[in-house]
2 protein chains.
Amino acid sequence: MQCRTITRTEAAQLAMVLEVTASPKPGNVDRGHDYPDTRLEHFLASAVFARTALEHAEEGEEGIGALIEAAVQDTNCHAGGNTHFGAFILLIPLVMGGDAARGFRAARATTVEDAVAFYRAFSATQVRVLERDEIDVNDPAAADLLRERGMTLYDVMAYSAERDMVAREWTNGFALCTETADRLIARGTGREAIVRTFLDMLAAYPDTFIAKKHGPAVAEETMLRAREVQAGRLALSVFDEECLARGINPGSLADIMIAGIYLALLEGWQWDC
Amino acid sequence: MQCRTITRTEAAQLAMVLEVTASPKPGNVDRGHDYPDTRLEHFLASAVFARTALEHAEEGEEGIGALIEAAVQDTNCHAGGNTHFGAFILLIPLVMGGDAARGFRAARATTVEDAVAFYRAFSATQVRVLERDEIDVNDPAAADLLRERGMTLYDVMAYSAERDMVAREWTNGFALCTETADRLIARGTGREAIVRTFLDMLAAYPDTFIAKKHGPAVAEETMLRAREVQAGRLALSVFDEECLARGINPGSLADIMIAGIYLALLEGWQWDC
């Protein structure tokens, strides 16, 4: 049987599925463990429910902000809370553009209306934000403020880039997503390559989701523990248990991992060998 | 955030995802274990790739035979072999019709061309068939034979019904799929209900996939072992290990389980509580 080429949308959905099932991934939901309120099935259901928004992105039908909002709305039909919000911030422009360079162009071309739609999506999730966020996502006046200042969605991401590595990807041309894809391809095929690449990234960069939740020192410490694993001085399973016991989940690097798998799949990376 | 109603297509995809991740399921691929060549990711990828064929079924755009063929073709883009062929035989008419009664009407209305398309799909999979199958799926003359005899896809299923419980569902109005849905709803919510319902079905009916692979005595014996588990005389984990060690995988009941989850979801069964 002739095997067809998968679409960008399917590559994005497959990336979400492969990321969450790869195991062990220190601190995150994976095939081996859940969090009490967010389980493997929630992530998998979210990957299924994201289809329409991703397809619209692939067809270039709507603005990026509206598509992120649609993806969040369509995938929120479960009790597991936010699952892929950060992943959609990366995947929607990447699926719209196709690759990192064109995704970056799409990101830079966003408008104020994209920013307004994004803030609506943001306020609908329970995503952790800094207390001192200048533009409070729960503030109905946020839309007015964005319009008043003429802030595009790109501007919003640039505004958050310093403390949020997912937002930062918008401003650096998806540099870490591309690095993840390159490392993944270099690491070989299949789920083992995903686990090793995730550890590579964890050892290379402090996760900003951890930093927001536990403070920058804990994010730094987690990075150093990942280096201990790579140096063979700490068992991966022990590191995993440490993270789980302390509620340390590298959520931003997981989002970047998903986008990296997506980019690698488009380059022909073999996931099922 | 207002939660939308999921579509039939999404319910079918979600059913595939929930069935394969529920664990432990004696002998089958689940969250806890893979087979060497067919792994959890293959089933999840297949659930993602089935989208278009299921959508076309929901829109009633094509014939059931052509849609089963499309589903098999679209999901065959991995090295994991046949994953959901039996599930598609059940899901395509059920998604087309909506529920079991209307799915049954759609099944009875199939044509000779549906049968011809189905045989093309069948020959593309490595699904086990009896050696003495009168209509050899690998025989290019099968299409001519079907046309000569005027056999519809419904007739083909009726022809296979005695020794194949998935085909039998077409002839009895999806009786076991409906029973599975009823049991699932009665068993409560979430993944634990899936595991318990699967065991209920395993204890109630000999699996015809096991019968084809290992003979009817092994299928009967597996049913009796499932009853031992239900009676508390055998640990589920031991039963699971026994099945795995002997390559006993109840694949037909897994297909029926998927269709049962689909029907239950349409009736509002809560999967994520």
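User: Which residues of α5(B) meet which residues of α6(B)?

Analyst: On the α5(B) side they are Pro93(B), Leu94(B), Met96(B) and Gly97(B), and they meet Ala100(B), Arg102(B), Gly103(B) and Ala106(B) in α6(B), where contact means heavy atoms within 4.5 Å. These residues divide into five nonpolar, two polar and one charged, with Ala, Val, Leu, Ile, Met, Phe, Trp, Tyr, Cys and Pro counted as nonpolar, Asp, Glu, Lys and Arg as charged, and the others, Gly among them, as polar. This is a predicted model, in which local features need pLDDT of at least 70 and side-chain atom pairs count only at pLDDT 80 or more, while totals for chains, interfaces and linings use all residues. Residues are numbered from 1 along each chain as its sequence is written, chains are lettered from A and ligands numbered from 1 in the order in which they are written, and side-chain values use heavy atoms, with hydrogens and water left out.

User: At what angle do α5 and α6 of chain B pack?

Analyst: Axes are lines fitted to C-alpha atoms, for helices over the stretch in contact, and angles run from 0 to 180 degrees between N-to-C directions; helices (H or I, at least four residues) are DSSP runs, numbered from the N terminus. Here α5 (residues 85-97) and α6 (residues 100-108) of chain B pack at about 110°, their axes being 7 Å apart. That makes α5(B) roughly perpendicular to α6(B), a label for angles of 65 to 115 degrees.

User: How do α3 and α4 of chain A cross?

Analyst: The axes of α3(A) (residues 51-58) and α4(A) (residues 64-75) come within 8 Å and cross at roughly 160°, which makes α3(A) roughly antiparallel to α4(A), the word for angles over 145 degrees. Thr52(A), Ala53(A), His56(A) and Ala57(A) of α3(A) make the contact with Leu67(A), Ala70(A), Ala71(A) and Asp74(A) of α4(A).

User: How many salt bridges does the rule find across the interface of chain B and chain A?

Analyst: Side chains of opposite charge can pair when their charged atoms come close. The rule asks for a side-chain nitrogen of Lys or Arg within 4 Å of a carboxyl oxygen of Asp or Glu, and it finds seven salt bridges across this interface, whereas the count over all chains is 31. In one salt bridge, the closest N and O atoms of Arg191(B) and Glu41(A) are 2.6 Å apart. Arg191(B) lies in α12 (residues 190-204) of chain B and Glu41(A) in α2 (residues 40-49) of chain A, so the pair joins two chains.

Key:
Parallel < 35°, antiparallel > 145°, perpendicular 65-115°, else oblique.
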